[in-house]
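Trainee: Could we go through this one together? I would like to ask as we go along.

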Amino acid sequence: MAPRRGRATGRVTITEVATAANVSPMTVSRAIKSPELVQQKLRDRIATVIKKLGYVPNQAASTLASSKSRVIGVVVPSLTNAVFIDTLTGIRDCLGKAGYQFLIGESGYCPDKESELITTYMAHAPDGFLLTGIEQQESLRVRLATNNVPAVRMYDLSKNSNDLTVGFSQKKAGYSVARHFIERGYKRPAFLAAQLDPRSMKRREGFRKGLIEAGLNPNLEVLLAVPSTIELGAHLLDQILHQTPNCDAVFCCNDDLALGVLFECQRRGLSVPTQMAIIGFNDLPWAAQANPAITTIVTPRYDIGYIAAELLLKTLKGRAIEKSRIDLGFELAIRGST
């Protein structure tokens with residue numbers, strides 16, 4: 001005979017699971033939420049009953065009872081960009097071990113969309129948020145603070161000691177590219193960028209600083225506020241060569257653009273790096289496989305996600321935070337394109 005369903009919803013209840021497993025409802029709840037506190041043999045018995053009855057824990061009731069949803073909101077600019085896929089993998093690996101789930105939102109590099117997503121997710125009472133960048137709207141910051149919802153911001157470092165941030169200095173990364181070009185003897189390096197999100201513009205700022213210090217022209221650049229693609233990289237090279245025919249090096253704000261530049265150089269018969277040096281950003285897997293291999297900034301994408309999630313979990317558990325600003329650094333992988 002099938003067990004009677006909960007009166008209002010028709011769902012199997014925790015009490016029915018407890019009765020079938022011959023344990024208390026509290027033991028079932030503990031086996032689900034804190035399995036390490038329940039003996040393995042008992043956990044196995046409860047798991048068998050849950051599977052047999054098709055029991056689904058009522059997350060809303062659990063949240064009301066404990067004030068914790070065990071859900072984290074995550075907002076990234078793009079779900080098609082391999083950069084953020086690596087970061088989401090790090091988040092998944094960390095949160096999964098701690099028994100947390102996460103809601104993923106794509107902002108499309110739009111602050112208004114980011115704010116809208118976070119407002120929507122807050123209706124689900126998430127325990128906290130993992131956000132990309134530090135430039136959130138002030139109204140959003142106030143809303144999170146008012147509701148006592150902690151957030152860790154990824155991919156950049158804040159000077160505000162109240163912000164929890166995990167990433168690296170975008171400005172220093174851009175500066176290091178300029179220094180590399182200068183040390184290699186290039187005289188007319190340019191900056192090529194798409195999307196023009198705040199992090200790319202900080203790379204530009206660091207790059208310009210390095211060129212100015214060396215007495216080089218910092219104004220050789222093409223900036224387009226459109227989505228980045230390999231094809232666009234070819235277009236941007238065409239643009240900079242039209243403006244500055246003797247340009248001898250380009251810093252692309254990401255590896256997609258850098259690959260497009262490389263392809264366009266090959267179409268034009270420009271020798272890389274003799275006639276045109278190329279540096280990308282992020283070190284996507286294929287950058288090292290191009291011919292010549294592309295010099296690029298290596299970013300700790302997986303670690304940013306994992307460590308940001310760790311930091312948020314520490315905050316949720318009320319543990320002391322030794323560092324609110326975790327700088328994971330970056331590397332310049334020097335290859336054949338420079």
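Trainee: Which residue does Ala194 stand opposite in E7?

Mentor: Ala194 stands opposite Leu224 in E7. Before we go further, note that this is a predicted model, in which local features need pLDDT of at least 70 and side-chain atom pairs count only at pLDDT 80 or more, whereas totals for chains, interfaces and linings use all residues. Residues are numbered from 1 along each chain as its sequence is written, and side-chain values use heavy atoms, with hydrogens and water left out.

Trainee: And in what sense do E6 and E7 pair?

Mentor: E6 and strand E7 (residues 221–224) pair in the parallel sense over four bridges; two strands pair if DSSP finds at least two bridges between them. The strands (E, at least two residues) and helices (H or I, at least four) are DSSP runs, numbered from the N terminus. Four bridges also join E6 to E8, and these two run parallel as well, with Phe251 in E8 as the bridge partner of Phe191.

Trainee: How many residues of E6 are buried?

Mentor: Six of the six residues of E6 are buried, so this strand is largely enclosed by the rest of the structure. Buried means under 20% relative accessible area, exposed means over 50%, and partly exposed lies in between, with a 1.4 Å probe and protein chains only. Both faces of E6 are covered, with Pro189, Phe191 and Ala193 buried on one side and Ala190, Leu192 and Ala194 buried on the other. In a regular strand the side chains alternate between the two faces of the sheet.

Trainee: What does Ser200 touch, then?

Mentor: Leaving aside its neighbours within four places in sequence, Ser200 is in contact (heavy atoms within 4.5 Å) with Phe191, Ala194 and Cys253. Ser200 is found in helix H9 and counts as buried at 2% relative accessibility.

Trainee: Back to Phe251: why is its pair with Phe281 called tilted?

Mentor: The ring centres of Phe251 and Phe281 are 6.4 Å apart and the planes stand at 45°, so the pair is tilted. Rings of Phe, Tyr and Trp (its six-membered ring) pair if their centres lie within 6.5 Å, and planes under 30 degrees apart count as stacked, over 60 as edge-to-face and the rest as tilted. The pair links distant parts of the chain, since Phe251 is in strand E8 (residues 249–252) and Phe281 in strand E9 (residues 277–282), 30 residues apart.

Trainee: Which residue lies over the face of Phe281?

Mentor: Arg203 does, at 3.8 Å from the ring centre; a charge sits over a ring if NZ of Lys or CZ of Arg is within 6 Å of the ring centre and within 35 degrees of the ring normal. Phe281 and Phe251 also belong to one aromatic cluster, which includes Phe168, Phe181 and Tyr186.

Trainee: Changing topic, what is the strand order in the open sheet?

Mentor: The open sheet has six strands in the order E2-E1-E3-E4-E5-E11, with parallel pairing. Strand E2 (101–106) and strand E11 (325–327) stand at the edges with a single partner strand each, so one side of each is left without a neighbour in the sheet.

Trainee: Which helix packs on that sheet?

Mentor: Helix H12 (residues 301–316) packs on the sheet, touching E1, E3, E4, E5 and E11, and its direction makes about 160° with that of E5. Axes here are lines fitted to C-alpha atoms, for helices over the stretch in contact, and angles run from 0 to 180 degrees between N-to-C directions.

Trainee: How many residues does the largest nonpolar core have?

Mentor: The largest nonpolar core has 69 residues, and Leu130 and Phe181 are among those with the most contacts inside it. H12 gives the most to this core, with eight residues. A nonpolar core is a set of buried Ala, Val, Leu, Ile, Met, Phe, Trp, Tyr and Cys residues joined through side-chain atoms within 4.5 Å.

Trainee: And which peptide bond to Pro273 is cis?

Mentor: The bond from Val272 to Pro273 is cis, with omega near 10°, and Pro273 has its place in the loop between helix H11 (255–268) and E9. The bond from Asn291 to Pro292 is cis too, with omega near 0°.
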